[in-house]
Amino acid sequence: MAKPPHPELQTARLRLRRFRPEDAEGLHQCLADPGTMRFWNTPPHTRPLETERAVLRMMDCTPAYYRFWAVADAQDDRCIGLASYHDGHIRSRRADLGYMIHPAHQRRGLGTEAVGALVGFCFTELRLHRLQLLIHPENTASLALAARLGFRREGLLRGHLRVGEVWHDQCLLARLNDDTMS
Ligand SMILES: CC(C)(COP(=O)(O)OP(=O)(O)OC[C@H]1O[C@@H](n2cnc3c(N)ncnc32)[C@H](O)[C@@H]1OP(=O)(O)O)[C@@H](O)C(=O)NCCC(=O)NCCS
């Protein structure tokens, strides 16, 4: 049976859409940048081929478990980041979110805009109950974005993520679909 079309999310400045092979060039500038990758769950990419393969994987999805969106500039449709839900748990209607914005486009509110649209989709269209974020304790940008979108910090998961040979702690944050925004 054919898969239903990939849902598109539109914001004032962004279009969240399915990845295409030609997005690899823009995304590689994110995934190869040591600053952007400092708190990511893999080391920076060293070869464009790694990103080309990653984009092919992200074009695919298992809607009950994970889905990736290319975050594209609404004007010219260039890929300037990614957003995803993953580790979906059907019975408990929860998922984790991931996101990244190209270093040249950071600090303009685009991350908040993209993730805000994703949160709206997950609560309204997917009718999820709980969304989680796992954030490195020193990732101030991501922690600020999470606070702006009403996520609450629930604790510190020690030695939770292994990147290369290094174990990292991660903060657990969550927002429930009936949380009130303070
Ligand atoms: C996290 C990330 C997506 C934020 O994207 P962005 O487009 O810069 O975010 P915004 O412009 O919407 O800013 C969100 C908040 O973070 C703050 N912020 C952004 N960059 C920051 C930085 N380098 N240092 C401190 N605060 C920062 C902003 O001031 C804003 O806070 P406010 O709402 O209190 O004003 C981006 O920094 C990124 O791609 N980081 C690398 C990948 C990553 O770590 N992803 C998250 C994994 S959990």
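Which residue takes a positive phi in the hairpin of strand 3 and strand 4? In this predicted model, the residue is D77, with phi near 65 degrees, and the hairpin has five residues between the strands. Strands here are DSSP runs of E with at least two residues, helices are runs of H or I with at least four, and both are numbered from the N terminus. D77 sits in the loop between strand 3 (67–73) and strand 4. It counts as exposed because 12 C-beta neighbours lie inside 10 Å; the cut-offs are 12 or fewer other C-beta atoms within 10 Å for exposed, 20 or more for buried, and partly exposed in between, with C-beta atoms placed from the backbone. Most residues other than glycine have a negative phi.

A word on the ground rules. Residues are numbered from 1 along each chain as its sequence is written. Since the model is predicted, local features need pLDDT of at least 70 and side-chain atom pairs count only at pLDDT 80 or more, while totals for chains, interfaces and linings use all residues.

UniProt, in an unreviewed entry, places the feature "domain: N-acetyltransferase" at residues 14–178; its positions are given in the numbering used here, feature names are shortened, and annotations may be inferred rather than shown by experiment. Over that stretch the chain is 27% helix and 36% strand, with the end C-alpha atoms 26 Å apart.

Contact here means C-beta atoms, placed from the backbone, within 7 Å, and the angle, on a scale from 0 to 180 degrees, is taken between N-to-C directions of lines fitted to C-alpha atoms, for helices over the stretch in contact.

Going strand by strand, strand 1 and strand 2 (residues 14–17) are antiparallel and share two bridges, with L9 partnered by L16 of strand 2. L16 also stands opposite V71 in strand 3, and four bridges hold the antiparallel pairing of strand 2 and strand 3. Strand 3 is mostly covered, with six of its seven residues buried. Strand 3 pairs with strand 4 over six bridges, again in the antiparallel sense, and W69 faces A83 of strand 4 in this pairing.

Strand 4 and strand 5 run antiparallel too, joined by seven bridges, and H89 has R94 of strand 5 as its bridge partner. These two strands form a hairpin with four residues between them, and R93 in the turn has a positive phi of about 45 degrees. R93 counts as partly exposed because it has 16 C-beta neighbours inside 10 Å.

The pairing of strand 5 with strand 6 (residues 130–135) is parallel and runs over three bridges, with A95 partnered by L131 of strand 6. Is L131 buried or exposed? L131 counts as buried because 26 C-beta neighbours lie inside 10 Å. Leaving out residues up to four places away in sequence, L131 touches R94, A95, L97, V119, C122, A174 and R175. L131 and N177 are 46 residues apart in sequence but 8.1 Å apart in space, C-alpha to C-alpha.

L49 gives another setting, in helix 2 (residues 48–59). L49 is exposed because it has 11 other C-beta atoms within 10 Å.

Which residues come nearest to the ligand? Of the 21 residues around the ligand, these are Q106, G111, T112, A141 and A144; a residue is near a molecule if its C-beta atom, placed from the backbone, lies within 6 Å of it. Strand 5 (94–101), helix 3 (110–124) and helix 4 (140–148) each supply at least two residues of the shell, and helix 4 gives the largest share, six residues. By type, the shell divides into ten nonpolar, eight polar and three charged residues, where Ala, Val, Leu, Ile, Met, Phe, Trp, Tyr, Cys and Pro count as nonpolar, Asp, Glu, Lys and Arg as charged, and the others, Gly among them, as polar.

Note on methods. Pairing = 2+ DSSP bridges. Contact = placed C-beta atoms within 7 Å.
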